[in-house]
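The tour goes stop by stop: select, look, move on.

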Amino acid sequence: MNFKNLKQLFDHFNSEDVCRQYLEQQRWNGNVECAHCGCTKVYKIEGGKRYKCADKFCAKKFSVTVGTIYENSKIDLRTWFAAIYLVTSSKKGVSSLQLHRQLGVTQKTAWFLLHRIREMLREKAPAMLSNMVEVDETYIGGKYKNKHKSVRRAAHESNASHVDNKTCVVALLERNNKVKTHVHNKAGVTLKDMVKQHVDSSARVFTDSLTAYKGLDKHFADHQVVNHYEEEYVRGEVYTNSVEGFFSILKRGIYGIYHQVSPKHLQRYCDEFAARYNTRQIFDNERFELSIKNSEGRLKYNELIGK
Ligand SMILES: [Zn+2]
């Protein structure tokens, strides 16, 4: 598969059957598993559109969409695939309004599609970061972003997770590899706790000079600080420019495309940006395929709106 734009994607996925077969290939790679009990003895029913589990205690019927982000949705797979392609190939993301216009679904449907796609893009079992890891924090929210760094710094120093209704996001980036994000919204969890949670103790950690990071040298092979307040940005290998570059993409997307993101959904937006960043070396069609392989896991509409 080597499509280069949305038209070629639609030309390739020209029917629901083609989409379903592709999904089966990506999900099972020829070894169909019962979506309910994991049994590998299954047989085809309904002309191959669905399967039935051969285990006599289970004996359930299922299709390839059971247990995936597509489950129980009335949206056809072609539309899902187009939405996934648009999200994964647009550097700054796609808004529900754009998706509504481009794919002809309602904005509410588009919003739901986007959140499920973000859930799909979230790394389910991420490995600890190691080697050289840059850590930085930022505040996401309307007014705060324009404030001077000294004001933001005072907020960090007070170790508050919400300041002026803005939410703290920490990004941890293994240099030349990948980034992880952590929305700081739990009282009692410190920045140091967060770094320990995501970074292997063998790593060298680079941060800014925030006092909240003091003492990291006790847990990691090395902890070096860049003192931005004294206009220091690079000292040999010691810098946080890569993680700052990630934040600038994240912020351009959130402020430019989404305008506003509620703290409740912020982690999912960050996951979306991290997923694109972490696959930045591969082509759009490869990123699409990788995402489809990861279709398991779903999010119910009621969970999303908090009911
Ligand atoms: Zn079964």
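**Whole chain**

Start with everything shown as a cartoon. This is a predicted model. Count the secondary structure: the chain has eleven helices and eleven strands. Next, colour by burial. Of the 307 residues, 32% are buried. Now consider contacts between residues at least 6 apart in sequence: 60% of them join residues at least 24 apart.

**Stop 1: α3 and α4**

Select residues 77-89, helix α3, and residues 96-103, helix α4. Two packed helices are described by the angle between their axes and the distance between the axes. Here the axes come within 11 Å and cross at roughly 135°. That angle makes α3 oblique to α4. The crossing of the pair is right-handed.

Which residues of α3 meet α4? On the α3 side they are Thr79, Ala82, Ala83 and Leu86. Their partners in α4 are Leu99, Gln102 and Leu103. Sorted by class, this contact has five nonpolar residues, two polar and no charged ones.

**Stop 2: α10**

Go to residues 284-293, helix α10. Highlight Arg287, Phe288, Ser291 and Ile292, which are buried. Look down the helix axis. The buried residues fall within an arc of 140°, so they line one face of α10. An α-helix has 3.6 residues a turn, so residues three or four places apart point the same way.

**Stop 3: α7**

Select residues 191-198, helix α7. Its buried residues are Leu191, Met194, Val195 and His198. Turn the view to look along the axis again. These residues cover an arc of only 100°, which puts them on the same side of α7.

Now bring in the cover. It includes strands β4 (132-140), β6 (166-174), β7 (179-184) and β8 (204-208).

**Stop 4: Phe220**

Follow the chain from β8 towards β9 (222-226) and stop in the loop between them, at phenylalanine 220. Is phenylalanine 220 buried, exposed or partly exposed? It has 17 C-beta neighbours inside 10 Å, so it counts as partly exposed; the cut-off for buried is 20 or more.

Draw a distance from its C-alpha atom to that of alanine 203. The two C-alpha atoms are separated by 5.9 Å, with the residues 17 apart along the chain. Leaving aside neighbours within four places in sequence, phenylalanine 220 is in contact with Val199, Ser201, Ala203, Arg204 and Val205.

**Stop 5: two asparagines**

Select asparagine 176, in the loop between β6 and β7. Check its backbone: phi is positive, about 60°, although the residue is not a glycine. Asparagine 176 counts as exposed because it has 8 C-beta neighbours inside 10 Å.

End at asparagine 29. It lies in the loop between α2 and β1 (42-45). Asparagine 29 has a positive phi of about 50°, and it is not a glycine. With 9 C-beta neighbours inside 10 Å, asparagine 29 counts as exposed.

Technical notes: Residues are numbered from 1 along each chain as its sequence is written. This is a predicted model: local features need pLDDT of at least 70, side-chain atom pairs count only at pLDDT 80 or more; totals for chains, interfaces and linings use all residues. Helices (H or I, at least four residues) and strands (E, at least two) are DSSP runs, numbered from the N terminus. A residue is buried if 20 or more other C-beta atoms lie within 10 Å of its own, exposed if 12 or fewer, and partly exposed in between; C-beta atoms are placed from the backbone. Two residues are in contact if their C-beta atoms, placed from the backbone, lie within 7 Å. Axes are lines fitted to C-alpha atoms, for helices over the stretch in contact, and angles run from 0 to 180 degrees between N-to-C directions. Angles under 35 degrees count as roughly parallel, over 145 as roughly antiparallel, 65 to 115 as roughly perpendicular and the rest as oblique. A crossing is left-handed if the near helix is turned anticlockwise from the far one by less than a right angle, and right-handed if clockwise. Ala, Val, Leu, Ile, Met, Phe, Trp, Tyr, Cys and Pro count as nonpolar, Asp, Glu, Lys and Arg as charged, and the others, Gly among them, as polar. The arc is that of the directions from the helix axis to the C-beta atoms.
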